[in-house]
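Here's a quick look at how this one is put together. Have the viewer open as you read.

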Amino acid sequence: MLNSVDAGRRLMMRAAVYPSLAIVALALIFLLISKTHAIAVLVSGMAVVAGGWLAARIALNGGAQAATSAVGRLVAAMLLKWVLVIGVMAIGIIQFRFPPMALLAGIAVGMMFQVLALARR
């Protein structure tokens, strides 16, 4: 018997672990450029992971619902994720003066590995 809630939770955990490992590896590579670049990669990449985790918690914690309610939770979760990621990027650029390309690299790698983790069977 398939337990879709348990499968969703396992998938959520996998979608958080794989991108985290990839972001740490990318930060180690960016450490060759400078410490600031490596920190920027870590901050933006972990914002993607945290946003994905938060979005999954919001989207999956509703139980059985009507279709409009379920879609509303999915949309709200995705909006919250992107507000978090864009907010971290804006604060990183404006307040901490992180290099924008390092921030974008962290976001790109985080998103890429999140999709790959979700697509893996």
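## The H3/H4 pair

In which hand of crossing does H3 pass H4? The crossing is right-handed (the near helix is turned clockwise from the far one by less than a right angle). Bear in mind that this is a predicted model, where local features need pLDDT of at least 70, side-chain atom pairs count only at pLDDT 80 or more, and totals for chains, interfaces and linings use all residues. Residues are numbered from 1 along each chain as its sequence is written, and side-chain values use heavy atoms, leaving out hydrogens and water.

The axes of H3 (residues 67-94) and H4 (residues 100-119) come within 9 Å and cross at roughly 155 degrees; axes are lines fitted to C-alpha atoms over the stretch in contact, with angles from 0 to 180 degrees between N-to-C directions. That makes the two helices roughly antiparallel (angles over 145 degrees).

## The core

The largest nonpolar core has 19 residues, and Leu26, Phe30 and Val41 have the most contacts inside it. Such a core is a set of buried Ala, Val, Leu, Ile, Met, Phe, Trp, Tyr and Cys residues joined through side-chain atoms within 4.5 Å; buried means under 20% relative accessible area with a 1.4 Å probe, protein chains only. H1, H2, H3 and H4 each supply at least two of its residues, with H1 giving the most, six.

Phe30 is in contact (heavy atoms within 4.5 Å) with His37, Ala38, Val41, Ala102 and Ala105, setting aside neighbours within four places in sequence.

## The whole chain

The protein chain has four helices and zero strands; helices are DSSP runs (H or I) of at least four residues, strands (E) of at least two, numbered from the N terminus. Of its 121 residues, 32% are buried.

How values were computed:
Parallel < 35°, antiparallel > 145°, perpendicular 65-115°, else oblique. Buried < 20%, exposed > 50% of the residue type's maximum accessible area, 1.4 Å probe, protein only.
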